[in-house]
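Trainee: Before we look at single residues, could you show me the sequence and the model together, and then let me ask about them step by step?

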Amino acid sequence: MNEFHNLFKLVREQLRQNMSETIFDVWLADMAPVSFENGVATLALPEFKRKVTEQKFMQDLHSAFETALGFGVEICLVEPTEQPQAYTAPELQPQQPQQRLLQPRLPHGHEANTFDAFVIGGANKFAHAAALAVAANPGKCYNPLFIYGNSGLGKTHLLSAIYHEIAGNYPNQRFIFTTGEAFTNDMIHHLTLKNMPEFHQKYRNCDVLLVDDVQFIAGKEAIQEEFFHTFNAITQGGKQVVLTSDKPPKDMATLEDRLRSRLSAGLIADIQPPDLETRMAIVKRKASDISLELNDEIVDYIASQIKSNIRQLEGAVNKLEAFVTLRGMQLNMNTVKAATSDIISEERPLPVTIERVIEEAARVFKLSAADLRSRNRSAEISNGRQVAMYCISQITQLPTKAIGKEFSRDHSTVVYALREIRERVVREPGLRNQIDEIIKNVNER
């Protein structure tokens, strides 16, 4: 049963990546694992949500299980006999309004991301030390702390670890843990309700403001204006701000100069891709966490193949564990290669893989790579672009935000594209053949 619980965590993560947060929270957040027997995954949902899910989201569920496991399963939805408290994500628990600042919404899957669980290496030790210093003395040094680096290298882990450390040492501190996108959506919500005083009260009176993916506010003039005043109110009051981004402030071309200056005023720390020794340590740590014994050959293989993304390293170990426990396969190199074939890209640099997908998609649809990356919304080009996004997702397992950046699109556009193609391949065999051809040609080059 524990294996199914671990698998279901992966399924939840896939669902969150492939649909809007609002839809997930409203219809699927209450879903809980019941059993996995004879290829049937049984999940519990309240009756009215179960009916909607059966009508609208079963394809999403099937796709999430297939991505997590590598093979399809049957899904059975049942009425819960009791609320499975242990497996309901903490951030989804109802809270009283006055408790909101004391119990911030942590990113799903990051509740256990503490400093003790962070694997330190040469590429991240400076950012780790800076985060420790801030957590020990919030508001007194490195304010703001700005951590940047590519997706999947541990920025959110450090942000979560700072929260855990400060919350443990200073239980009366008022926290906000958010993202650049959530800050934007919250402001729009309060503007719509004509209730900006409540928004100001919420954000400007906290003791610790933690913002993941702050680059989302770049280019949004009104949002930057509000964030500027929020930032000033907190830091001038001696309170702590910690931010993460995929690039440093100086490289955010659409960021206002005065806000760029503020974000650069504290300490800027970068995280680079981990070296081989650190990657091996990460693989061993993850395997130990899920009670999976890996020999040195397997550890070395996974760490040698996945070079630039910690989440993919951990995902490879999770998927291997699922192959062994749920499919009953032997733990050997053949199983390792089968379980990680869609994550590992044969030592090919990720940017090269993405470029080859786009080139292949353009060839199949008789377009150019420039067409697929353009803003052109014609039906022909949009179709090719959506297929390219889908193939990149299938081959690289990149998050939707990262895929969107390749096409200068918001992640919601990618989420829509992935869902659209998943629905079409079921009823359009020709499209399925085109996708198979693209993926086959990319993998063979």
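**Reading the model piece by piece**

Trainee: Which accessibility class does Ala222 count in?
Mentor: Ala222 has a relative accessibility of 48%. A residue is called buried under 20% relative accessible area, exposed over 50% and partly exposed in between, using a 1.4 Å probe and protein chains only. Because 48% falls in the middle class, Ala222 counts as partly exposed.

Trainee: In which helix does Ala222 lie?
Mentor: This is a predicted model, in which local features need pLDDT of at least 70 and side-chain atom pairs count only at pLDDT 80 or more, while totals for chains, interfaces and linings use all residues. Residues are numbered from 1 along each chain as its sequence is written, and side-chain values use heavy atoms, with hydrogens and water left out. Helices (H or I, at least four residues) and strands (E, at least two) are DSSP runs, numbered from the N terminus. In that numbering, residues 221–236 form the helix that holds Ala222, namely helix 9.

Trainee: How far apart in space are Ala222 and Ile188?
Mentor: Along the sequence, Ala222 and Ile188 are separated by 34 residues. In space, taken from C-alpha to C-alpha, the separation of Ala222 and Ile188 is 9.9 Å.

Trainee: What share of the residues in the protein is buried?
Mentor: The secondary structure of the protein comes to 20 helices and 8 strands. The protein has 445 residues, and the buried ones make up 49%.

Trainee: How are helix 12 and helix 13 oriented to each other?
Mentor: Two packed helices are described by the angle between their axes and the distance between the axes. The axes are lines fitted to C-alpha atoms, for helices over the stretch in contact, and angles run from 0 to 180 degrees between N-to-C directions; under 35 degrees counts as roughly parallel, over 145 as roughly antiparallel, 65 to 115 as roughly perpendicular and the rest as oblique. Helix 12 (residues 296–305) and helix 13 (residues 310–326) pack at about 135 degrees, with their axes 10 Å apart. The orientation of helix 12 to helix 13 is therefore oblique.

Trainee: How many nonpolar residues are in the contact of helix 12 with helix 13?
Mentor: The contact, meaning heavy atoms within 4.5 Å, is made by Ile298, Ile302 and Ala303 of helix 12 together with Leu313, Ala316 and Leu320 of helix 13. Ala, Val, Leu, Ile, Met, Phe, Trp, Tyr, Cys and Pro count as nonpolar, Asp, Glu, Lys and Arg as charged, and the others, Gly among them, as polar. By these classes the contact has no polar and no charged residues, and its number of nonpolar residues is 6.

Trainee: How are helix 5 and helix 6 oriented to each other?
Mentor: Helix 5 (residues 125–136) and helix 6 (residues 155–169) have axes that come within 9 Å and cross at roughly 25 degrees. That angle is why helix 5, in relation to helix 6, is called roughly parallel.

Trainee: How many charged residues are in the contact of helix 5 with helix 6?
Mentor: Helix 5 brings Ala127, His128, Ala131, Val134 and Ala135 to the contact, and helix 6 brings Leu158, Ile162, Glu165 and Ile166. These divide into 7 nonpolar residues and 1 polar residue, and the number of charged ones is 1.

Trainee: Which residues is Phe126 in contact with, leaving aside its neighbours within four places in sequence?
Mentor: Phe126 lies in helix 5 and is partly exposed, with a relative accessible area of 46%. Phe126 and Ala269 are 143 residues apart in sequence, yet 6.8 Å apart in space from C-alpha to C-alpha. With the neighbours within four places left aside, the contacts of Phe126 are Leu267, Ile268 and Ala269.

Trainee: What is the phi of Ser291?
Mentor: Ser291 is found in the loop between helix 11 (276–289) and helix 12, and Ser291 is exposed, with a relative accessible area of 68%. Although Ser291 is not a glycine, its phi is positive, at about 60 degrees.
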